[in-house]
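Please go through the points below with the coordinates open. They are arranged by topic, and the cut-offs behind each term are given where that term comes up.

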Amino acid sequence: MSKIGETTLQLDLTALEHNFRYLRAKIAPTTKFLAVVKAFAYGSDMVAIAQKMEQLGADYLAVAYAKEGSLLRDAGIKTPILVLHPLPANFDEIIDRCLEPSLYSKKILTEFLDVAKAKNQKGYPVHIKFNTGLNRLGFNETDIDFVAEQLTDKKEIKVTSLFSHLAASEDMDEKPFSLNQINTFKKISQKLIQKLGYAPMRHMLNTSGIINYPEAQFEMVRSGIGLYGYGNDAGVDSQLKPIASLKTIISQIHHIEAHETVGYNRAFTSESSRKTATLPLGHADGIGRQYGNGKASVLIHGKQAPIIGNVCMDMIMVDVTGIDCKEGDEAIVFGQNKSAEDFAAGAKTISYEILTAISQRVKREIIAS
Ligand SMILES: *Cc1c(COP(=O)(O)O)cnc(C)c1O
């Protein structure tokens, strides 16, 4: 892998392809695949990932918000884009940029219909989201008649898919709950399809759903975290390859004596003489305060160097006592040999959070291993 000169998030598109093929192989060849690229493709590089997924033949892309979809259209992405969480203020943009909204409530459905009418749309593709237990976004089962009434004889929009989302697809203790969600979704979609008189695609599985409930793949699946190399399960993780490696270099080495302190608020006090390294990344790069004071480590020449003291805005200090290292040497925050899941676990959080936290200040570098 290439050498870095500053804090860099290296993105391995070969690993992305591997993960896509692994997940693809878990479902039927006829099942469509939606790649979730919201939140800068889980903190990586939304355009580069979307381009690669388009090239690999993903059927759909999904973003959370309309502006993310517009960035993809600006970059020339042609694949259909589902906007998971549109707001009325985004409806004009959604239609202007050929983005496909998830319609999840009475207000959103009727207001989108009004905008589609005002913009003289015919058969504009929309997706209807149902709540089957997550209680986050979506129509309830009791709204089927309302939805059907709104959609019948409406020429402006056409339902491309019906979907729902599992609350605990990674947690097998919650299997009865997940199976109940799947059954509820089946029931809802059957009823609605009958009323509509045509059959939109159905989808409900995220990455862990693909792994744990392949029988509920319907006509499409939606994967995010798995594409980026994490599967919410050690067994699955071992089959996937993290695409993102966050690396930095040692800016300065200090030798401190016993009873000296390091960093703001003097949060670390040395018990013995220590060798410390200052690294050029901090809060503003996505390393939250919760990683400080020994909760997380970086890897330097294959050895764990714990973060000492408080995380600063632009820097962290790590303990490199006993590690043969010098200024300019590389430090790995997470990557292929140091899972983001492990780094996150130290601060009691999850891979999704640390990955999406890496800020736009950090240089992105595309590599193909
Ligand atoms: C983010 C998201 C996904 C992707 O979930 P992963 O666990 O990352 O695979 C799928 N569906 C919806 C509705 C989402 O919001």
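This is a predicted model: local features need pLDDT of at least 70, side-chain atom pairs count only at pLDDT 80 or more; totals for chains, interfaces and linings use all residues.

1. Phe40 is partly exposed, with a relative accessible area of 38%, where buried means under 20% relative accessible area, exposed over 50%, and partly exposed in between, for a 1.4 Å probe and protein chains only. The residue is found in helix α2, and its phi is near 55°, a positive value in a residue other than glycine. Helices (H or I, at least four residues) and strands (E, at least two) are DSSP runs, numbered from the N terminus.

2. Residues are numbered from 1 along each chain as its sequence is written, and side-chain values use heavy atoms, with hydrogens and water left out.

3. As for the overall build, the protein chain has twelve helices and 19 strands, and its C-alpha atoms fill a box of roughly 80 × 40 × 40 Å along the principal axes. Of the 369 residues in the protein chain, 54% are buried.

4. Which residues come nearest to the ligand? There are 14 residues around the ligand, and Lys38, Tyr42, Thr207, Ile225 and Tyr352 come nearest, a residue being near a molecule if one of its heavy atoms lies within 4 Å of it. A polar side-chain atom of Tyr42 lies 2.5 Å from an oxygen atom of the ligand, and an N or O atom in the side chain of Asn206 is 3.2 Å from an oxygen atom of the ligand. On the nitrogen side, a nitrogen atom of the ligand is 2.9 Å from an N or O atom in the side chain of Arg222.

5. Thr207, one of the residues that come nearest to the ligand, lies in helix α9 (residues 207-212) and counts as buried at 2% relative accessibility. Its side chain makes a polar contact of 2.9 Å with the side chain of Ser223; a polar contact is a pair of N or O atoms within 3.5 Å, and within protein one must be able to donate a hydrogen and the other to accept it, with residues adjacent in sequence counting only if both atoms are side-chain atoms.

6. The largest pocket holds about 630 Å³ of space. It is lined by 28 residues, of which Lys38, Tyr42, Leu84, Arg136 and His165 are the closest to its centre. The elements that give two or more residues to this lining are α2 (38-43) and β9 (220-223), and α2 gives the most, with three residues. Pockets are found on a 1 Å grid over the protein atoms alone, as open sets of points where a 1.4 Å probe fits, with protein on both sides within 12 Å along at least five of seven lines, and lining residues have an atom within 4 Å of a point. Grid points are joined across faces, edges and corners, and a volume is the space filled by probe spheres set on the points.

7. By class, the lining of the largest pocket divides into 14 nonpolar, eight polar and six charged residues, where Ala, Val, Leu, Ile, Met, Phe, Trp, Tyr, Cys and Pro count as nonpolar, Asp, Glu, Lys and Arg as charged, and the others, Gly among them, as polar. The second largest pocket holds about 170 Å³, and its lining has four nonpolar, two polar and four charged residues, including Gly123, Asp153, Lys154 and Tyr198.

8. Thr248 is found in strand β10 (residues 244-249) and is buried, with a relative accessible area of 0%. A polar contact of 2.8 Å joins its side chain to that of Thr7.

9. How many disulfides are there? The count is zero, taking a disulfide as a pair of cysteine sulfur atoms within 2.5 Å. For Cys312, the closest cysteine sulfur is that of Cys325, 18 Å away and therefore too far for a bond. Cys312 counts as buried at 10% relative accessibility, whereas Cys98 is partly exposed at 47%.
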